[in-house]
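Please look over the sequence and the model below. The paragraphs that follow go from strands to domains to ligands.

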Amino acid sequence: MVLADAGSQVTLWARRQELVDAVNTTHENPDYLPGVRLPESVRATTDPAEALAGADFAVLVVPSQTLRDNLAAWAPLIEPQTVLVSLMKGIELGTAKRMSEVIDEVTKVGPERVAVVSGPNLAREIANRQPAASVVACVDEAVAKRLQAACHTPYFRPYTNTDVVGCELGGAVKNVIGLAVGMAAGMGLGDNTKATLITRGLAETTRLGEVLGADPHTFAGLAGMGDLVATCSSPLSRNNTFGMNLGRGMSLAETIAATRQTAEGVKSCESVLDLARRNGVDMPIVEAVVDVVHNGRPTQEALQTLMSRSAKAERR
Ligand SMILES: NC(=O)C1=CN([C@@H]2O[C@H](COP(=O)(O)OP(=O)(O)OC[C@H]3O[C@@H](n4cnc5c(N)ncnc54)[C@H](O)[C@@H]3O)[C@@H](O)[C@H]2O)C=CC1
Ligand SMILES: O=C(CO)COP(=O)(O)O
C-alpha cells in the first residue's frame with residue numbers, strides 16, 4: 001500500500017489463490033487486514049516469476065525462519081536490476097544470521113543490492129495511513145535514497161541510513177524486549193519496571209551492536225528506540241501481547257494457540273542469545289526471556305534473577 005501510494009505499480013505474491021483473488025477483486029486482504037481498502041495499483045499473484053518480473057525492488061516479508069527456503073526458490077527469478085528489501089525482524093536459528101546476510105548468502109546479489117526498512121511501523125496503523133517514520137538502510141546510500149523515494153508518502157516518512165547491521169539488530173532484539181515488557185505487564189507490574197526493561201533492553205542491544213560493528217547512534221533512532229517504544233507500548237504488538245499472556249500465567253502452548261500472527265521474538269530470542277554468546281556479549285534480559293519461553297521458567301523467578309545481578313556502573 002505504501003509503495004503504491006508513493007506511485008509504484010505493485011505485485012503482491014501470496015501462496016493461496018483465494019487470497020490473491022480477494023486482493024484482485026475486492027482490493028482487500030480479508031485475512032490479515034480486513035476493512036482496509038488497498039490501492040487498485042496493487043495486484044496479487046501466486047506466481048513468484050510474475051511478481052518478480054521487471055521489479056526495481058523486491059520487498060521480502062515472510063516469517064524470518066522461512067526466508068532461506070522461500071528465497072532459494074525465488075533466487076533464479078531475480079533480475080539484475082532488482083534491489084532486495086527486507087522488512088523482517090528476526091535472526092535465523094542455527095546460523096545466528098541477520099536477514100540481509102541470509103539474502104546475500106542465498107542470492108549472492110552483493111550487499112549493495114540488499115536494503116532494510118525498519119522502524120516503529122505497526123502494520124495496522126500504517127494501513128490506516130496514520131503518520132509514521134521509518135529507516136531505509138543500505139550500505140550503498142544511493143540505493144537507500146532510491147528506496148526512500150519509492151516509499152515516501154504524505155503519511156510515511158522514511159529516513160536513510162547506511163548502518164544495516166544496527167537497523168536490523170534494533171528490529172530483531174526489540175521483539176525480545178517486547179516479550180519481556182509484556183510479561184512484566186501481565187504480572188501486574190507498573191511503568192517503572194517497564195521503563196527499566198525498555199532502557200536496559202536498549203543498553204544490551206547497543207552492546208551487541210557495537211561488537212558487531214553497528215553505529216551506536218542507530219539505537220537512539222527510529223530503528224532502535226523508536227521501534228522499541230512502539231512495540232513495548234502497543235496492544236497491537238504480537239510480541240508484547242504474547243509476553244503479556246505468559247505473564248498472566250498462560251502456558252506456552254496456550255499462548256501459542258492464542259497467537260494468530262507471527263511473534264518473531266519467540267524464535268529469535270534463542271538466535272539473539274546465540275549471536276550474543278558467539279560474540280561474548282552479556283544480554284541478561286534476552287537470557288531471561290529464553291528461560292521463560294523455552295525452558296519453562298516461571299516469570300517471577302526470571303525477574304528475581306535479573307534483579308539479583310551484581311550492582312554495576314550504568315555505562316561499562
Ligand atoms: N506486522 C507488523 O506490524 C510488522 C511486521 N514486521 C515483520 O514482518 C515479518 C512478517 O511478519 P508479519 O507479516 O507481520 O506476519 P503475519 O503473521 O501477519 O504474516 C505472515 C505471512 O507469511 C505467510 N507465511 C507463513 N509461513 C510462510 C512460509 N513458510 N512461506 C511463505 N509464507 C509464509 C503467512 O501466510 C502470512 O501471509 C516479521 O519478520 C515481522 O517482524 C515488521 C514491521 C511491522
Ligand atoms: O515490528 C513491528 C512494528 O514495527 C511489529 O511488532 P510485533 O511484531 O510485535 O507485532
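Two strands pair if DSSP finds at least two bridges between them; helices (H or I, at least four residues) and strands (E, at least two) are DSSP runs, numbered from the N terminus. This is a predicted model, in which local features need pLDDT of at least 70, side-chain atom pairs count only at pLDDT 80 or more, and totals for chains, interfaces and linings use all residues. Residues are numbered from 1 along each chain as its sequence is written, while chains are lettered from A and ligands numbered from 1 in the order in which they are written.

Start with strand E1 (residues 10-13), which pairs with strand E2 (residues 42-45) in the parallel sense over four bridges. To go from E1 to E2 the chain passes through helix H2 (residues 17-26), and this β-α-β crossover is right-handed; that is, with the strands pointing away from the viewer, the path from the first strand over the helix to the second runs clockwise. Within the pair, Thr 11 stands opposite Arg 43 in E2.

The domain assignment divides the protein into domain 1 (2-163) and domain 2 (165-307), with bounds that come from an automatic or database domain assignment. Their C-alpha centres lie 24 Å apart. Domain 1 puts 25 residues into the contact and domain 2 puts in 31 residues, where two residues are in contact if their C-beta atoms, placed from the backbone, lie within 7 Å. On the side of domain 1 that touches domain 2, at least two residues each come from helix H5 (99-107), strand E5 (114-118), strand E6 (132-137) and strand E7 (156-161). E6 gives the largest share of that side, four residues. By class, the side has 12 nonpolar, eight polar and five charged residues. Here Ala, Val, Leu, Ile, Met, Phe, Trp, Tyr, Cys and Pro count as nonpolar, Asp, Glu, Lys and Arg as charged, and the others, Gly among them, as polar.

Where does ligand 1 lie? Both domain 1 and domain 2 give residues to the shell around ligand 1, so it lies between them. There are 18 residues around ligand 1, and Thr 66, Lys 89, Ala 123, Gln 261 and Thr 262 come nearest; a residue is near a molecule if its C-beta atom, placed from the backbone, lies within 6 Å of it. The shell around ligand 1 has eight nonpolar, seven polar and three charged residues.

Ligand 2 is surrounded by 14 residues, the closest being Asn 121, Leu 122, Ser 237, Arg 238 and Asn 239. Helix H8 (164-186), helix H10 (222-233) and helix H11 (238-247) are the elements that give two or more residues to this shell. The shell around ligand 2 draws at least three residues from each of domain 1 and domain 2, and its residues divide into three nonpolar, seven polar and four charged.
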